[in-house]
Amino acid sequence: MKYEVKNAPLPVLICRLEPGEAVECQKGAMSWMTPTMEMETGLGSGGGNGLLGALGKMAKSAVTGESIFRNKYTAAGGPGEIAFASTFPGDIICFDVTNSHIVAQKSAYLANTIGVEMEIFFQKKIGAGIFGGEGFIMQRFTGKGMVFLEINGGIVEYNLAPGQSMLIDTGYLAAMEASCAMDIQTVKGVGNMVLGGEGLFNTKVTGPGRIWLQTMPANILAKAVQPYIITGT
């Protein structure tokens with residue numbers, strides 16, 4: 001399969017498949033496709049098969065807030081093309097999980113090739129999830145193949161060396177390699193906490209591994225436009 005990301009900051013992922021190749025996505029993610037693409041709705045990859053696997057996927061869906069179902073698109077009538085447009089202004093990153101797993105915020109998932117498994121990732125330190133702003137529950141992608149993730153705003157990538165850390169404000173961490181560790185760090189100084197406007201905690205991510213930061217988290221954009229929205233009250 002060949003793929004490309006076009007037209008950021010309103011990006012679209014375009015996949016070109018050979019006969020028999022398939023791609024999987026969240027329900028409702030498809031934007032357009034050629035008539036050669038055949039859709040099949042199921043429970044998606046990961047979590048095992050049978051009743052226990054189905055129950056596991058239902059539990060994962062309930063926790064993450066995503067649909068339990070995935071749509072699988074196969075190039076059945078010859079070569080095919082399918083597109084997945086981002087749901088938010090920003091960009092799309094393409095990551096091969098074959099040799100390195102990735103952990104991402106819940107809203108980041110867009111699509112994946114067959115062979116990629118998605119599972120719930122719980123922060124080992126509860127404080128990192130409760131106070132860090134990235135959520136106690138994230139998503140971990142493993143297996144073999146490509147996963148495609150939505151990033152809010154622009155992308156800034158860092159490759160952290162072992163022991164090297166980055167302090168990140170709430171919502172700006174989009175994804176990290178699973179080799180990284182996440183914790184929280186309290187903002188130093190009472191005056192800084194009260195008057196600095198940066199909150200009480202920052203997310204601390206320590207290498208080794210790559211991290212992807214997003215320049216316009218959805219919550220920051222919502223806060224910026226809120227004064228200009230007419231509520232009708």
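Predicted model: local features only at pLDDT ≥ 70, side-chain atom pairs only at ≥ 80, totals over all residues.
**Entry 1: a strand pair**

I started with β14 and β19, which pair in the antiparallel sense over six bridges.

**Entry 2**

Which strands make up the open sheet, and in what order? I read off six of them, running β11-β12-β9-β16-β19-β14, with antiparallel pairing. The edges are β11 (116-122) and β14 (155-160); each has a single partner strand, so one side of each has no neighbour in the sheet. I also noted the twist, which averages 20° from one strand to the next. A reminder to myself: strands of a sheet pair through backbone hydrogen bonds, either parallel or antiparallel.

**Entry 2: aromatic rings**

Is F148 buried or exposed? I found F148 buried, with a relative accessible area of 0%. Y3 is partly exposed, at a relative accessible area of 33%.

Then I went to F95 and W212. Here the ring centres are 5.4 Å apart and the planes are at 90°, so this pair is edge-to-face too. F95 belongs to strand β8 (residues 90-96) and W212 to strand β19, so the pair ties together parts 117 residues apart in sequence. I checked burial as well: both F95 and W212 are buried.

Where does a cis peptide bond turn up? I found one joining A8 and P9, with omega at about 15°. P9 lies in the loop between β1 (2-6) and β2 (12-17). I found a cis peptide bond between G207 and P208 as well, where omega is about 25°. P208 is in the loop between β18 (201-206) and β19 (209-214).

Back in the loop between β1 and β2, I stopped at N7. N7 has a positive phi of about 70°, although it is not a glycine. I looked up its exposure too: N7 is exposed, with a relative accessible area of 56%.

How values were computed. Residues numbered from 1 in each chain as written. Heavy atoms only, no water. Helix = DSSP H or I, 4+ residues; strand = E, 2+ residues; numbered from the N terminus. Buried < 20%, exposed > 50% of the residue type's maximum accessible area, 1.4 Å probe, protein only. Pairing = 2+ DSSP bridges. Axes fitted to C-alpha atoms, helices over the stretch in contact; angles between N-to-C directions. Phe/Tyr/Trp six-rings, centres within 6.5 Å; stacked < 30°, edge-to-face > 60°.
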